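Below are some notes for a colleague who has not looked at this model before. Please read them with the structure open.

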Amino acid sequence: MTLDARIPSGPIEQAWDKARFDMKLVNPANKRKHNLIVVGSGLAGASAAASLGELGYNVKCFCFQDSPRRAHSIAAQGGINAAKNYPNDGESIYRLFYDTVKGGDFRAREANIYRLAEISNHIIDQCVAQGVPFAREYGGTLTNRSFGGAQVSRTFYARGQTGQQLLLGAYQALERQVHARTVTMIPRTEMLDMIVVDGQARGIVARNLVTGKFTVHIADAVILATGGYGNVYYLSTNAKGSNATAIWRAYKRGALFANPCFTQIHPTCIPVSGEYQSKLTLMSESLRNDGRIWVPKLKGDKRPPNEIPEGERDYYLERRYPSFGNLVPRDVASRNAKAVCDEGRGVGKTGLGVYLDFSEAIARLGEKTIRERYGNLFDMYQRITDEDPYKVPMRIYPAIHYTMGGLWVDYQLQSTIPGLFVLGEANFSDHGANRLGASALMQGLSDGYFIVPYTVGNYLATNKFAKVDESHAEAQSAVAIAQQKIDKLLSIKGKRTVDSFHRELGKILWDYCGMARTAEGLEKAIGEIRVLRDEYWRNVTVPGSGDDLNQSLEKAGRVADFFELAELLCIDARDRNESCGGHFREEHQTPDGEAQRDDEHYSYVAAWGYRGRDAAPELIKEPLEFHYVHPSQRSYK
Amino acid sequence: MKLKLKIWRQKNCKEKGKFVQYAVDNVDPEMSMLECLDVLNESLIERGEEPVAFEHDCREGICGSCGFMINGVAHGPERATTVCQLTMRHFKDGDELAIEPWRSVAFPLVKDLVVDRSAFDHIIEAGGYISVSTGNAQDGNTLLIGKDTADKAMDAAACIGCGACVAACPNASAALFTGAKIAHLGTLPQGKPERDRRALSMVSQMNVEAFGNCTNIGECTGVCPKEIPLEVIATMNRDYLLASCKKREDIATDISPVIELAAKG
């Protein structure tokens, strides 16, 4: 099998225009005859469902939460990038493109990224028109700030709640279409399988989480916008419900899974406080604009931070990276935090933390300005830790935050299964091996508002659809498989809870496939994951029944998929014998400890195909070509 | 520390519920209220009992999924804090906490502490948006919006739709929730063209759902995790009154609350 990414020929600046012109259109009168399924209601899903509804398609949108407004996009704090160049500081579409290719450590497709940078400006305009209350200057213009990894101010924000406001904009657009009867919203429902008929994605099997009932939904195309798989690590900044079940079951039906080992560790999270910890809380990266990161120079220095004199502090990012300082990209900031903690210079009870200090910024700008910029984040920090960051430096530590890997898609955002489109964090497409701050919201909305409404139309206009209904053999066999899995989980009645397994799985991954990885460690992890997975299917206990709201059962199904995904993640990490972006293999580093890429052998997308439960997955490579941004060793010094 | 939790258990809205008392002995002051329930649930599952069902997702106080009454107060004793961010250091050893779901006819019970808040979605569906389709919107800076206006809109837009306002209100009114959206959109110039229509349709939808009337008691804003100001209710009432005075029949006949959906609940 070879992969055709369907990248338009010709200059990159014209690629998207050309692709759009080459697309076939669906006659307006025929649009309502096409049923479409959107799974997920976050930025990508809600914006896609709303936009497709506006065009006149007949859309069903699913989410597992009680309302589409709960999707985890809502928790994004910092902002959304766009190439507007309002501040006149040298920003351009080309620079946003360039920074994203380089930030992703040359492991993403140039054409996709260029399109993303182009569309970024339309997103801001669209959101303003919807009434998203972006931050403004006194004179009434939109405000920008700089954000991790960027030397220009290209980030738009709404206090520390940008994700919330963008999601509510998309949610409201979605509800408008629900009112117009073009979209049917189906909440509290989880996708458990995909229905493939004659090689085309033709529907899904869903389970109502309140009644336990299975339903079959048939459509002409299926769009997955179900987010990332960071929760495979158990402790992450993802919402507790975020899961990989939809994309994983699509993978098992033939969609390829690309670059699973590209996971992002966010440098600024509140450190773990105890064994009961259920998730990690992110502190927006925007804090690094004004906060200075340091640890004591002395190992095991237990003095309170204000008693450590200036000369005995190590502002290690400013020291090692004088030109970017505290604003180095996420992977670099995270790895350095781990390094100083490994040296025994970490702070806090556990020694796994570094200081993020605002005293200098407060002295320079005044507490009022700092409160205006970060007030809600400081409040949140204080609520959780009982420490006042206006007086005492924050303690932060890296945590799993985002997954760049996901289902493989071509330029049209279509997976290897015709009719299956994948958007947002669920696909692998735009961020390479490391995502820059404030780019996730941009990609989700770009895919949903401005790309998939065109590309789905092209697919519908160029394909024929055999008549399929709910009684089709493929649909019924998919229901039976999903039902069997639920029955099996309920019947094991072992001794350990789902969470205890998930926690242990997460620890294996964090230890061997987290911020630093080795071939030996990954081998060990794969073995341990298999052993634990076997135990899971023998010894897990899921109380209750399958015919009412059963949150343990929901989790049990998701964790079962996480076990399989965890193994693929480690296989991919083991296979990629280089360091790049968030994937840091200790064997491959420069003399001063930076990631060492191997472009000669690894300049490709690793797309994995499922070959059965006990068979090794098949690796299919999509070579990456760089015609515009020449691969170089990233340097932020 | 050790806590006694008296938790409302109810299999579904058809069966009767009751308080069941549980002792949790290993409560760490650093853990959140939800993590305390996690610890309880793990021990229940290990004993072969069904865990307490409660809604939760982001656990960062922004998705609006979580929420229940603690000793009669929505989201518990800390101001501007959802239960996912309420740390146990606010309680002391030996405390007894009565935990029960939001109580409102408009929020039918699903199970234990989980209620159905789809009435909120219906209110937004009725008109809580600016009618602009995806396409070539004008440049974001074409419309100048003063910082004070943008900030005021943002204050109202911060609502997370958790439903604490309804649970705290003696009338079970959704005025703070509805008012917040009307104020957010009506404050901005983009939202002005539909201001009359929005107020009329959202308020009429609110009345169709089984919410009570607002009598300006103010419990809602007191428990609101985002401290949405009571002022938004005044804005809603003013917009509704002005729109009603205009007697625009074309608008009035056009407004049809989503009754069949509301009836389904």
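Predicted model: local features only at pLDDT ≥ 70, side-chain atom pairs only at ≥ 80, totals over all residues.

1. Local features are described only where pLDDT is at least 70, and side-chain atom pairs count only at pLDDT 80 or more.

2. Overall form of chain A. Chain A has 637 residues, and a compact globule with that number would have a radius of gyration near 26 Å; the value for chain A is 24 Å, which agrees. Along the principal axes, the C-alpha atoms of chain A fill a box of roughly 75 × 60 × 50 Å. The secondary structure of chain A consists of 17 helices and 19 strands.

3. Burial and contacts in chain A. Of the residues of chain A, 59% count as buried. If one takes the contacts in chain A between residues at least 6 apart in sequence, 74% of these contacts join residues at least 24 apart.

4. Domains of chain A. The assignment divides chain A into domain 1, residues 267–400, and domain 2, residues 473–623. The centres of these two domains of chain A, taken over C-alpha atoms, are separated by 31 Å. In the contact between them, five residues of domain 1 of chain A meet five residues of domain 2 of chain A. On the side of domain 1 of chain A that touches domain 2 of chain A, helix α9 (residues 330–342) of chain A has the largest share, with four residues. By class, that side of domain 1 of chain A has one nonpolar, one polar and three charged residues.

5. Domains of chain B. For chain B the assignment gives domain 1 as 3–110 and domain 2 as 118–264. Their C-alpha centres lie 30 Å apart. The contact between the two takes 18 residues from domain 1 of chain B and 16 residues from domain 2 of chain B. The side of domain 1 of chain B that touches domain 2 of chain B divides into ten nonpolar, seven polar and one charged residues.

6. Where the chains meet. How many residues of chain B are in contact with chain A? There are 68 residues of chain B, in contact with 64 residues of chain A. Four elements of chain B, namely α1 (33–46), β6 (109–111), α2 (118–127) and α3 (147–157), each supply at least two residues of the side that touches chain A. Of these, α1(B) gives the most, with seven residues. By class, the side of chain B that touches chain A has 28 nonpolar, 21 polar and 19 charged residues.

7. A helix pair in chain A. Helix α5 (residues 110–130) of chain A packs with helix α12 (residues 440–462) of chain A at an angle of about 80°, and their axes are 9 Å apart. That angle makes α5(A) roughly perpendicular to α12(A). From α5(A), the contact is made by Leu116(A), Ile119(A), Ser120(A), His122(A), Ile123(A) and Gln126(A). From α12(A), the residues are Met442(A), Gln443(A), Leu445(A), Ser446(A), Tyr449(A) and Phe450(A). The contact of α5(A) with α12(A) has seven nonpolar, five polar and no charged residues.

8. A helix pair in chain B. The axes of helix α6 (residues 195–208) of chain B and helix α8 (residues 231–245) of chain B cross at roughly 105° and come within 8 Å. On α6(B), the contact involves Arg195(B), Asp196(B), Ala199(B), Leu200(B) and Val203(B); on α8(B), Met236(B), Asp239(B), Tyr240(B) and Ala243(B). By class, the contact of α6(B) with α8(B) has six nonpolar, no polar and three charged residues.

9. His583(A). His583(A) sits in the loop between α16 (551–575) and α17 (599–602) of chain A. Is His583(A) buried or exposed? His583(A) counts as buried because it has 28 C-beta neighbours inside 10 Å. Leaving out residues up to four places away in sequence, His583(A) touches Cys261(A), Phe262(A), Ala433(A), Ala573(A) and Arg576(A).

10. Lys226(B). Lys226(B) lies in the loop between α7 (219–223) and α8 of chain B. Lys226(B) has 23 C-beta neighbours inside 10 Å and therefore counts as buried. Not counting residues up to four places away in sequence, Lys226(B) touches Ala158(B), Cys159(B) and Ile160(B). Lys226(B) and Ile160(B) are 66 residues apart along the chain, with their C-alpha atoms separated by 7.5 Å.

Key. Residues numbered from 1 in each chain as written. Chains lettered and ligands numbered in written order. Domains from an automatic or database assignment. Contact = placed C-beta atoms within 7 Å. Nonpolar A, V, L, I, M, F, W, Y, C, P; charged D, E, K, R; others polar. Axes fitted to C-alpha atoms, helices over the stretch in contact; angles between N-to-C directions. Rg over C-alpha atoms; globule rule 2.2 N^0.38 Å. Buried ≥ 20, exposed ≤ 12 C-beta atoms within 10 Å, placed from the backbone. Parallel < 35°, antiparallel > 145°, perpendicular 65-115°, else oblique.
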